[in-house]
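Hello,

Here is the structure we talked about passing on. My notes on it follow below.

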Amino acid sequence: MRQGLYGSDPRVRAIRVGALTIGGGAPVVVQSMCSTDTRDVRATLDQIHRLVGAGCELVRVAVPDAKASAALPAIVREAGVPVVADIHFHYRRALEAIRAGVAKVRINPGNIGSQERVKAVVDAAGTAGIPIRIGVNSGSMPQDILERDQFIVTPEGMVEAAQREVELLEREGFQDIVVSMKATDTKTMVAANRLFRNQSDIPLHLGITEAGLVGYGSIKSAIGIGSLLLQGIGETIRVSLTAEPEEEIGVAWWILEATGVRRRGPELVACPTCGRIEIDMMNLAAEVEKLLKGVDIPLKVAVMGCVVNGPGEVRDADIGVVGGKGKGLIIRRGEIVHTVPEADLLLTFKKELDKVCAEYRRGSDNGLNRGERRRVSPVNRSSLKKPATPNPTALDQDEAE
Ligand code: SF4
C-alpha cells in the first residue's frame, strides 16, 4: 500500500527521467502528449509551454520520421520539462531521438524487428542513461494472444504482452523500464495493472486509452486511474481526452487531488445544498473558488450552506465558511473566528484566508496542510445560537433537523 500521502509505493523500482524520478516512493508524475506535428518546432514548443503552465511535468512527442527526430534537439533544449520520444516501428528513430537528448523513449521492442536492433536501442539508451517505456494497448494486442483469447482483450493477455516486451529488454540486461497497459475498457485496464503489479516492481504509467470527450472521458479516466492510485498502484499518469492536451492536465491533477495522492493547491469542499439552505450557496462557493485562484498552498477550504451540518463538515478544514440567515461564520480549524453579516462574509473570509496563507508560509501552521491532518476539537454548535459573549452579529437560527 501507499506509504505516504505524496509518495508512490517505495517498493517500486525507481527510474530517472531527466530531473524527475518515477517510482521508488517519488510523487506520481503528471504527463501528456503533444498533438502538434513534431516537425513544427514552434507549434510544438508553444504547446509544451502551455502544458507546463497547466502543470504537466513530462511531455511526449510523436517521432514518426527522420524530420521529426531532426526537430528534437531544439524541442528538448527549450521544453523546460523532460521530453519523451514516441517511436512507432523504426529503431533508427529511437537512436536519433536518444542522440537528440530525449529523457525517455517509448517503444515496443517487439515492433522493431531483430534482437540486434533491440540491442542497438538498449545500448544507446543505457549509454545515455535514459529509460524505455513499453506500452501495451487494447487496440494493438499481439495477434497470437488475441486469437488464443478468442479476440477478447483480457487483463491476462495484456500482462503477457507486456512481459514479452520486458523480456526482450531484460535479455539485453536493461532494467530502466516503465510499463503501460492501457485499455478503453476500465475494468480490463484496472485488472491488468493490478495483475502486473503483483508480478513486478517495474513502475506503471496509468491511463485509459481513447477515454472520449472531456466530460465522460474525465469520469472514465478518474475511475480507472483513481481506483488504481487508491490501491497504491501507478507512478505516472496520463489522461487521454479528445480535447486540447492542457485539459488533460487539469483532469490529471484533479484525479491526484481527489485520491489524496498529491495536491498542488487548495481543495474546495462545498455542500450540495438542500432545503435547509439559507444563503446563496452557488454564488458563495463560486466567489470562494475565485478567491482561491492563484493560491498554491494545499489548504482544505469548506463552504457550507447552513448551521445544521455546516459546522461539523468544516471541522477539519483549514478555513471554512458557513452560511446562515443573513449572516455567516468563518471557522478556522474547528474554531469560530468571526460571525458577520452576509454582506461582509466574503471580505472577512479573504482576510482570514490571507492570514492562513501567511502562517503557512511562515511555517507556523502545525503541519496541518502538509497532509498531516491533526484532530481538531468539534465545533460547539450551540455557540452559533448562543455566543459565549454577547455578540450583536450572532446568527439567529431557527431550529432545524
Ligand atoms: Fe443542506 Fe446544510 Fe448540508 Fe448544505 S450544509 S447540504 S444546506 S444540511
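The largest pocket holds about 700 Å³ of space. A pocket here is an open set of points on a 1 Å grid over the protein atoms alone, where a 1.4 Å probe fits, with protein on both sides within 12 Å along at least five of seven lines; lining residues have an atom within 4 Å of a point. Grid points are joined across faces, edges and corners, and the volume is the space filled by probe spheres set on the points.

This is a predicted model, in which local features need pLDDT of at least 70 and side-chain atom pairs count only at pLDDT 80 or more, while totals for chains, interfaces and linings use all residues. Residues are numbered from 1 along each chain as its sequence is written, and side-chain values use heavy atoms, with hydrogens and water left out.

Lining the largest pocket are 31 residues, and Arg106, Gly135, Val136, Asn137 and Ser140 lie nearest its centre. Two or more lining residues come from each of strand 4 (58-62), strand 7 (132-137), helix 6 (155-170) and strand 8 (177-182). Helices (H or I, at least four residues) and strands (E, at least two) are DSSP runs, numbered from the N terminus. Strand 7 gives the most, with four residues. By class, the lining has ten nonpolar, twelve polar and nine charged residues. Ala, Val, Leu, Ile, Met, Phe, Trp, Tyr, Cys and Pro count as nonpolar, Asp, Glu, Lys and Arg as charged, and the others, Gly among them, as polar.

The second largest pocket has about 570 Å³ of space. Its lining has 16 residues, with Trp254, Glu257, Arg264, Gly265 and Pro266 the closest to its centre. Helix 9 (245-258), strand 11 (267-270) and helix 10 (281-292) each supply at least two of the lining residues, and helix 9 gives the most, with four. This lining divides into seven nonpolar, three polar and six charged residues.

There is also a ligand. Around it are Cys271, Pro272, Thr273, Cys274, Arg276, Ile277, Gly305, Cys306, Asn309 and Gly310, each with a heavy atom within 4 Å of it. This shell has five nonpolar, four polar and one charged residues.

Lastly, a helix pair. Helix 3 (residues 91-100) and helix 4 (residues 115-128) pack at about 10°, their axes 10 Å apart; axes are lines fitted to C-alpha atoms over the stretch in contact, and angles run from 0 to 180 degrees between N-to-C directions. Helix 3 is therefore roughly parallel to helix 4, the term for angles under 35 degrees. Tyr91, Ala94, Leu95 and Ile98 of helix 3 meet Arg117, Ala120, Val121, Ala124, Ala125 and Ala128 of helix 4, contact meaning heavy atoms within 4.5 Å.

Regards

Methods. Angles under 35 degrees count as roughly parallel, over 145 as roughly antiparallel, 65 to 115 as roughly perpendicular and the rest as oblique.
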